[in-house]
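Here is a colleague's note, meant to be read beside the sequence and the structure. Please follow each point on the model as you go.

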Amino acid sequence: MNWDDLRVFLATARAESLTAARGFLRMDPATIARRIARLEEDAGASLFLKSPQGYRLTEAGQRLLTHAEEAEAALGRGLGVLTGAGESLSGPIRIGAPDGCATYLLPQVCARIADQHPDLDLQILALPRIVNLSRREADLAISVSRPQTDRLLAEKLSDYRLSLAASRDWLAIHGAPRSLPDLKGARMIGYIPDMIFDAELDYLSELGVTRVPMASTSISVQLQMARAGGGLAVVHDFALPAAPELARVLPDAVALTRTFWLTRHAGQRDARLDRVTHLLRDGIRAEIARLEALSCR
């Protein structure tokens, strides 16, 4: 097993499809598939569950991913010593993100990056819509759907979980719903229905809810509405530690999972941006894991 094969494995695992991995590797999908097959033969195990929807890691693939990322980090540190890439980063980097990520994850992640690189100017662009990289609104963009265009490279950052929640005071007065059908008569908090900019954010329709009495284009405002006793809201598990007034409702029936994707221009070759991308990826994964663990206490 050589590093070049591991590089193909890492790109496919992060992109979750041969077509998307092509942008990172500059190989055609057929070549990537052959390289993956060779790696699986050498490993003596299937590393991916392959379907028309993409490539998902098997349990063996997850184990290899951990070691492959450690090897990647070690190689990066070694190259940094030789090329000076270990030196401090500088200059502006603008990161576009949906407001939930921008409010509850990026501040901590960016603060840690800034501690390591004090000459780097990190700008967070929080918008209730998809950030337009083609118009140079940002250098990097975080989204909840993988963009379907060859002009952008998309890398999977992390899965994250969402739950239904309400303030304990509101639940004491109105009572907790006992089943999903009860939500149709409850006071729900969510997105303004005709202003949902990504189908992945249409949580309430997924739960069979058609009326949203309290709504906002901002998930952060929705969380504050729930904290104020406005009703029931779907909230990020990673935001729950910042809202101790809230309690999960119907946790067995409402357990949603979504994915953050990090995108950049396909033709952009920038070692500084590469390094920031790696720092963001590792930082966001660690922060989601930390906060979701806290939300379960």
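1. Helices (H or I, at least four residues) and strands (E, at least two) are DSSP runs, numbered from the N terminus. Arginine 112 is partly exposed, with a relative accessible area of 39%, whereas glutamate 287 is buried at 1%; here buried means under 20% relative accessible area, exposed over 50%, and partly exposed in between (1.4 Å probe, protein chains only).

2. Before going further, please keep in mind that this is a predicted model, in which local features need pLDDT of at least 70 and side-chain atom pairs count only at pLDDT 80 or more, while totals for chains, interfaces and linings use all residues. Residues are numbered from 1 along each chain as its sequence is written, and side-chain values use heavy atoms, with hydrogens and water left out.

3. The protein is divided into domain 1 (4–83), domain 2 (90–156 + 259–294) and domain 3 (160–258), with bounds that come from an automatic or database domain assignment. Between domain 1 and domain 2, the C-alpha centres lie 22 Å apart, and the contact (heavy atoms within 4.5 Å) takes 12 residues from domain 1 and 12 residues from domain 2. The area buried between these two domains is about 990 Å², of which carbon and sulfur atoms give 39%; buried area is the accessible area (1.4 Å probe) that two parts lose on being put together, summed over both.

4. How many salt bridges are counted between domain 1 and domain 2? The count is one salt bridge, and glutamate 16 and lysine 156 form a salt bridge in which the closest N and O atoms are 2.9 Å apart. Glutamate 16 lies in the loop between H1 and H2 and lysine 156 in strand E6 (residues 152–167), so the pair ties together parts that are 140 residues apart in sequence. Glutamate 16 is buried, with a relative accessible area of 9%, and lysine 156 also counts as buried, at 14%.

5. Within the structure as a whole there are 21 salt bridges. One of them joins arginine 38 to aspartate 5, the closest N and O atoms being 2.7 Å apart. Arginine 38 lies in helix H3 (residues 29–43) and aspartate 5 in helix H1, so the pair ties together parts that are 33 residues apart in sequence. Arginine 38 is partly exposed, with a relative accessible area of 39%, while aspartate 5 is buried, with 2%. Both residues belong to a network of salt bridges that links Asp4, Asp5, Arg7, Arg35 and Arg38.

6. Finally, threonine 277 deserves a look in helix H10 (residues 271–295). Threonine 277 is buried, with a relative accessible area of 5%, and a polar atom of its side chain lies 2.8 Å from the backbone oxygen of leucine 273. Leaving aside neighbours within four places in sequence, threonine 277 is in contact with Leu140, Glu155, Leu262 and Arg264.

Conventions
A salt bridge is a side-chain nitrogen of Lys or Arg within 4 Å of a carboxyl oxygen of Asp or Glu. A polar contact is a pair of N or O atoms within 3.5 Å; within protein, one must be able to donate a hydrogen and the other to accept it, and residues adjacent in sequence count only if both atoms are side-chain atoms.
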